[in-house]
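Subject: Structure for you to look through

Dear colleague,

I am passing on a structure for you to look at, and below it I have written out what was found. Please keep it open beside this message while you read.

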Amino acid sequence: MVVDDLTRTYGGVPVLDSVSLTFGSGLTAVIGPNGSGKSTLLGALAGTVPPITGEIRRPNAEDMSEKSIGYLPQQVPFREGFTARETLAFYARLVDGDPDAALASVGLSDAADKAVEDLSGGMQRLLGIAQAMLGDPPLVVLDEPASGLDPGMRERAFRTAATYATDDVTVVVSTHNLDLVDAHADRVVMLARGRVAAAGDLNVLCDEYGVDTTAALYEAAGRDAALSGTADDANPSRSGAAAGDEQNGSGDDGDRDVHVTGVSER
Amino acid sequence: MTGDFGVTDAFAGVGAIFRRELATVLRTPGYGVLAVGLLAVLWLLVAVGGGGATGFVPAVVDLLLPAELLVPLLAVVLGYRTLLADAVSGEFAVIRTYPVGVAGYVVGVLFARLVALVAVVGLPFAVIGGYIWLTAAPDTGIFATHAGVDSPLLYVRFLALITLFGAAFLALSMWVSAAATSRRGAAALAVLAFLVGTLGGDLALIQSLMTGTDPSAVAGRAALMPNGAFRGLVFETVIGVSFAQEGNVVDVGRAVGSLAGWALFGSLASVGTLAFRERMSTVIERVRFRFAE
């Protein structure tokens, strides 16, 4: 999947600014501070957020007969009043899938007959992940699948995503859980204020920054991005962008140097 | 699932949406309460009008005006949040990642809500019809073939017209649910649609007569809005069969076309609004972005 010069604005304020990336197979983690544009990028990848400029080329996008994207938004959206099995059965009918197998794949077989609203937050997210993977799409986009979960659930959510991310499948997740990125991600995209601060193979990036963990990489890349963006801080429009980004993403950085390496950045 | 996206796949998608929506309706106790409430109101109206013994056509006369208000009201209640609910929760964005188009999604929801309309609105009217059949004078059991005879068939026509009338308002209220961005906004738009739909046509007709419109044009113009079309059709095809009348209340063909047209318009507008709303906002953002550059 290729993201080419993607820009997205809300209210005229850039949230993603000239982002170009290539996503290969495996698990790619999108990290960055709140309001950096992660959800907007993932929404764009899933096709729910149209770009203002630029384009996104997805695998099998022209094939209307099959599900080409699996998507879990930040807020799990399932309709109340239905059990977990009924919820997945609805989606399974759209792709000729097996709801019970999908439930089993995320360890929710025992909760199959529970109403969606009676599931814990973690179980709802696992249900969302199972939904996203129904129909075996070649691209799965999960927006903060581990958000608000206890450590065990977080690990389970990421392990499920990583297991699905085979040689033929691209899985993109956004997260603040950097230890899980260390454990499961093949590649990392770090966003800062709507721009790519760093992107590439996780190990290569760590080597280039001279760090051992994603948390250290996050700090180093974030520091570089902040330093190179200092001149733009005088721009009053940025505070407005950051405020607007609570919902939609991030603001405009203006031009600055970006430390980029690996295969992900174009 | 492989191969081209064919008719079978499209029907499967519509069927899945239909089943889910129908299940949602069945699990909403409020709709059952509405149906029972409507039945009570209708029974009361018929009782006040002389009871079921008066026959089908007198009952239709008693129920016509209340139907003009209650059918649109209940249709709007059934439809005004249907498409909004999935849009606000974000589930519509998830559904769009599956091989089901916007048109298939709207059709599935609309058909399920039509079934709900028949159950919530049509069934109470049908029960009243059954009550009249059981209690009416003997000659109401005759199946009318000519004017001047009361008949259950006339009441069946009334039921069919109620369904068509309700379908028009249901489709229009679904358009409201597609256009609204919040529950409160949907409620406001629904009230507006209800008032315009129920009163707008009559007020416009009165206004046009006051400004010198030829009265002979009334039969055609009355059919343009849903309420005028429904009322005219009831007079022409139900009440008018038993009571000889002079002149046309409404142009029957135009009135049927009007009700079907409003239903079709509401459905297509729902599809168009859902499909193009995001594109429109993106176009506006693009214009802003260009000016900001």
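Predicted model: local features only at pLDDT ≥ 70, side-chain atom pairs only at ≥ 80, totals over all residues.

As for its scores, the model has an ipTM of 0.83 and a pTM of 0.84. In chain B the pLDDT averages 87, and 90% of the residues score at least 70.

If neighbours within four places in sequence are left aside, B:A171 is in contact with B:L110, B:W262, B:A263, B:G266 and B:S267. The second residue, B:L259, lies in helix α11 of chain B. Is B:L259 buried or exposed? B:L259 counts as buried because it has 23 C-beta neighbours inside 10 Å, where 20 or more are needed. Not counting residues up to four places away in sequence, B:L259 touches B:L164, B:F165, B:A168, B:P226, B:A229 and B:F230. As an example of how the chain folds back on itself in space, B:L259 and B:L161 are 98 residues apart in sequence, while their C-alpha atoms are 9.2 Å apart.

Next comes the place where the two chains meet, at which 29 residues of chain B are in contact with 26 residues of chain A. On the side of chain B that touches chain A, at least two residues each are supplied by α1 (7-26), α5 (91-95) and α11 (252-292) of chain B. Of these residues, the largest share, 8 residues, comes from α11(B). Sorted by class, this side of chain B has 11 nonpolar, 8 polar and 10 charged residues.

Turning to chain A, you will find that its secondary structure comes to 9 helices and 9 strands. Of the 266 residues in chain A, 54% are buried. Among the contacts of chain A between residues at least 6 apart in sequence, 72% join residues that are at least 24 apart.

One part of chain A to trace by eye is an open sheet of 3 strands, which run in the order β2-β1-β4 with antiparallel pairing. Its edge strands, each pairing on one side only, are β2 (13-22) and β4 (53-57) of chain A. From one strand to the next, the twist averages 25 degrees. In general, the strands of a sheet pair through backbone hydrogen bonds, either parallel or antiparallel.

Within this sheet, strand β1 of chain A, residues 2-10, pairs with β2(A) in the antiparallel sense over 6 bridges. You can follow the pairing from A:V2, whose bridge partner in β2(A) is A:T22, to A:Y10, which stands opposite A:V13 in β2(A). The hairpin of these two strands, β1(A) and β2(A), has 2 residues between the strands, and there A:G11 takes a positive phi near 60 degrees. Strand β2(A) is mostly covered, with 7 of its 10 residues buried.

Helix α1(A) packs on this sheet, touching β1, β2 and β4 of chain A, and its direction makes about 60 degrees with that of β2(A). This helix, residues 38-46 of chain A, is mostly covered, as 9 of its 9 residues are buried; among them are A:L41, A:L42 and A:L45. Just after α1(A), A:G47 takes a positive phi of about 90 degrees.

Finally, two residues of chain A have a positive phi without being glycine. For A:E144, phi is near 50 degrees, and this residue sits in the loop between β6 (139-143) and α5 (151-164) of chain A. A:E144 is buried, because 22 other C-beta atoms lie within 10 Å. A:R193 likewise is not a glycine, yet has a positive phi of about 50 degrees, and its place is the loop between β8 (187-192) and β9 (195-201) of chain A. With 29 other C-beta atoms within 10 Å, A:R193 is therefore buried.

With best wishes

Note on methods: Residues numbered from 1 in each chain as written. Chains lettered and ligands numbered in written order. Contact = placed C-beta atoms within 7 Å. Helix = DSSP H or I, 4+ residues; strand = E, 2+ residues; numbered from the N terminus. Nonpolar A, V, L, I, M, F, W, Y, C, P; charged D, E, K, R; others polar. Buried ≥ 20, exposed ≤ 12 C-beta atoms within 10 Å, placed from the backbone. Pairing = 2+ DSSP bridges. Axes fitted to C-alpha atoms, helices over the stretch in contact; angles between N-to-C directions. pLDDT = per-residue confidence, 0-100.
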